[in-house]
Amino acid sequence: MEFIFNTENIMKKLVQASALIAGMLTTGAVFAATQGSVGGISTGDITVSVTVTDEVRITGLDDLGGTFTGVDIVDADQLCVYRNNTGNYNITATGSGGGAFLIANGGTSIPFTVGWNDDILGGPFTGLASGATLIGQNTSETASNDCSTGGGLTAEVEVTILATDMLTLPAGAATGLLILTVGPE
Amino acid sequence: MKTFFTFTIPQRAICCVCVFLLLLICALNSNAATQGTAGPTSTGTASVLVVNNDLAWIKGLDDINLGTWSGTGDMSGNDDICVLTNYFPFQLNNYIIRASGDGDGADPSAFTLSNGAQDIYYRVFFTDVNATPVELLPGQLMGGQQFVAGFGFFASLPAASGCPVPNANVEIRIEEAELATGGGTHTGILVLELIPE
């Protein structure tokens, strides 16, 4: 009995299999995509990935202050802190007086203090020291980066200027700048 | 009959005024705050602005008790006080003083002391930096009073310090003829108003 082998076809199959195996060994280390196989229906898949860095945004700021009437000036502003992932944020406040919280009228400057409340629905203000970072703040907006939709404004900042300090200012306007920086945690 | 609208000069002037007022209102209401942008950190700013109007402060006032009349002569007493302002430069600005008493039937500001049944009248003299007393009339404004350079400003006298360096004086004088009509203890309130000029 003779057995006749078609060596040419066998070699072709071996080459194709080898290529397939080589391709699989090569692509498996770089891509997670899987290739379809030949058939009536062929299915493959692709893994899609994207990286979203933590983002924050502070908006809704308004100028603060008032007219001195003989008592401490206390003014607050509700604003928006947006954070795109769940988690806390931190807040750092500085002033324009070389970092210090100062307002000035000509050569005369007086201090103001700053308080922060990360929940406008209640709770006390926490004092902020110039340049110091207050951590662990939450209740941020996650859907809208300017709070125009979603839950609305989220936090509140308050400034206080003591009457005893106001009494040392000459008549007229005294101004300064409050700089607020938020960062994700 | 058609009516034509004519744009006359007075109307243009009114429009210009309206535009100016609108711009002025916008400037006064402008918000200098800046909003943060989304990113790994976000920074916004808010201006802190306070307005200090012209302010005056009269302090160091003490009650004046003239004691018991001996039966003859006039009586007087005085009180050193502090008059302060934040209007800078204070030494170049004057102030107005006005004194008002408990009044009588004719003048609600008359300088009167009452024992409950009758009034006696007193006179009020005020001395500023010039050290020359001027008589104050009930309810009348007396302008041109001058601050002492260096002591008119709030900063030189902290709130809790009282009046360690007075810069004015108020004096009460009761003439013998008035005292002679009185009987018992007469009291009254003298109101002093300090108004920066």
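Colleague: How many residue pairs are in polar contact between chain B and chain A?

Modeller: A polar contact is a pair of N or O atoms within 3.5 Å; within protein, one must be able to donate a hydrogen and the other to accept it, and residues adjacent in sequence count only if both atoms are side-chain atoms. Here the count is 24 residue pairs, both residues at pLDDT 80 or more. This is a predicted model, where local features need pLDDT of at least 70, side-chain atom pairs count only at pLDDT 80 or more, and totals for chains, interfaces and linings use all residues. Residues are numbered from 1 along each chain as its sequence is written, chains are lettered from A in the order in which they are written, and side-chain values use heavy atoms, without hydrogens and water.

Colleague: Which element gives chain B the largest share of its side touching chain A?

Modeller: Strands are DSSP runs of E, at least two residues, numbered from the N terminus. In chain B, strand β1 (residues 42-52) supplies eleven residues, the largest share.

Colleague: What is the make-up of that side by residue class?

Modeller: Ala, Val, Leu, Ile, Met, Phe, Trp, Tyr, Cys and Pro count as nonpolar; Asp, Glu, Lys and Arg as charged; the others, Gly among them, as polar. Chain B brings 17 nonpolar, 16 polar and one charged.

Colleague: How many salt bridges cross the interface?

Modeller: The rule wants a side-chain nitrogen of Lys or Arg within 4 Å of a carboxyl oxygen of Asp or Glu. It finds zero between chain B and chain A.

Colleague: What area is buried between the chains?

Modeller: Buried area is the accessible area (1.4 Å probe) that two parts lose on being put together, summed over both. Here it is about 2900 Å², with 55% from carbon and sulfur atoms.

Key
Helices (H or I, at least four residues) and strands (E, at least two) are DSSP runs, numbered from the N terminus.
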